[in-house]
Amino acid sequence: MDLSRRQVLGGAAAAIGAAVVGAASTAEAQAPRPAAGRTRPANEPFGYCLNTSTIRGNNLDIVGVVTAASKAGFHAVEPWMTELDAYTAKGGTLKDLGKRIADLGLTVENAIAFTSFQDDDEARRAAAMEKMKVEMDKVAQIGGTRIASVPGNARAPISLDNTATYYRAALELGEKMGVHPLLELWGTHPALGPLSHGLHVAAATGRADASLLLDVFHLYKSGSPFGGLKQVNGASLHVMHVNDYPQVADASTLNDSNRIYPGDGVAPYRQILRDLRDSGFRGYLSLELFNKDYWAKSADENLKAGIEKIRATVKAALA
């Protein structure tokens with residue numbers, strides 16, 4: 001996600017491995033499970049999740065969105081906090097929404113929030129942490145267990161070590177709340193843009209549950225070589241945003257609206273998905289698009305195309 005979208009709404013490899021990933025037994029215990037009744041074929045080791053932005057242009061409420069996701073065959077959803085708030089503002093309860101989602105055979109693998117505690121100002125950071133506590137509670141009420149921890153638009157540059165300290169505090173809060181914050185990277189963010197910076201922060205927390213929220217489009221925008229994914233133990237990842245991008249001479253000319261279906265662009269998915277699989281990733285590929293051309297389709301048409309594209313890309317990459 002680019003900074004504009006957000007406004008609208010170096011350690012050693014061994015050290016990285018130690019902090020980004022826990023022991024094998026811990027990883028297995030925390031490994032994501034597919035939703036009830038939705039099995040994963042042997043040649044599709046990942047779960048398929050819908051980030052609700054993909055059909056935002058259809059102006060469905062959250063109940064309509066999750067219904068469409070289930071109909072299309074997704075295993076899980078990744079709603080935005082604004083959608084949850086809109087639902088409760090109209091009289092709905094989050095526990096009821098959680099039951100609806102579960103009854104549709106879906107799980108809530110993550111939630112997109114925009115509260116950033118990445119701030120060196122102690123008062124602002126404390127206020128942000130309080131807000132995140134409230135948001136974690138909302139996620140828990142719908143049966144979710146993860147929430148995006150975003151870089152934010154800091155007023156001044158923040159060191160990676162300070163970022164690690166603040167993320168560690170969020171992990172400690174999440175442990176109490178039962179909702180795990182995932183450290184999201186934004187492609188053009190000066191601190192939490194490149195994959196190498198995210199790995200440094202995860203390692204510097206000193207916690208085995210530190211986990212990155214990565215995005216194919218953002219990895220490309222940040223200039224991070226996709227080979228860097230080999231430095232991440234896939235068992236420590238839970239959600240990976242998937243999308244694609246067209247061939248361009250200058251990546252800076254692309255914005256969120258240029259995201260396209262996986263396999264329709266030039267992202268090296270054979271490399272990406274093989275490296276993720278071989279590193280132990282068995283989490284969810286979450287389709288996150290903001291393409292206005294796709295929004296011109298019906299939600300059902302868009303999601304049918306989306307999941308077919310993901311499945312075809314996975315099968316081709318892992319064949």
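In this predicted model, V239 stands opposite Y284, a residue of β8. The two strands concerned are β7, residues 239–242, and β8, residues 284–287, which pair in the parallel sense over four bridges. Both belong to an open sheet of eight strands with parallel pairing, in the order β3-β2-β1-β8-β7-β6-β5-β4. At the edges of this sheet stand β3 (107–108) and β4 (146–149); each has a single partner strand, so one side of each is left without a neighbour in the sheet.

Helix α13, residues 299–318, lies across β1 (47–51), β7 and β8. Relative to β1, helix α13 runs at about 145°.

Helix α13 also contributes to the second largest cavity, giving three residues, the largest share of its lining. The volume of this cavity is about 40 Å³. Its lining consists of V242, P262, Y269, L273, L285, I310, T313 and V314. Two or more of these residues come from each of α11 (269–278) and α13.

Two or more lining residues are given by each of α4 (62–72) and α5 (81–89). Helix α5 provides four residues, the largest share of the pocket lining.

The table sets the two spaces side by side.

| Space | Volume | Lining by class |
|---|---|---|
| Second largest pocket | about 230 Å³ | seven nonpolar, three polar and four charged residues |
| Second largest cavity | about 40 Å³ | seven nonpolar, one polar and no charged residues |

As to confidence, the mean pLDDT of the protein chain is 90, and 88% of its residues reach 70 or more. Over residues 1–37, however, the pLDDT is below 50. Beyond near neighbours in sequence, this stretch has 85 contacts in the model.

Key:
Residues are numbered from 1 along each chain as its sequence is written. This is a predicted model: local features need pLDDT of at least 70, side-chain atom pairs count only at pLDDT 80 or more; totals for chains, interfaces and linings use all residues. Side-chain values use heavy atoms; hydrogens and water are left out. On a 1 Å grid over the protein atoms alone, a cavity is a set of points where a 1.4 Å probe fits but cannot get out, and a pocket is an open set with protein on both sides within 12 Å along at least five of seven lines; lining residues have an atom within 4 Å of a point. Grid points are joined across faces, edges and corners, and a volume is the space filled by probe spheres set on the points. Ala, Val, Leu, Ile, Met, Phe, Trp, Tyr, Cys and Pro count as nonpolar, Asp, Glu, Lys and Arg as charged, and the others, Gly among them, as polar. Two strands pair if DSSP finds at least two bridges between them. Contact means heavy atoms within 4.5 Å. Axes are lines fitted to C-alpha atoms, for helices over the stretch in contact, and angles run from 0 to 180 degrees between N-to-C directions. pLDDT is the predictor's confidence in each residue, from 0 to 100.
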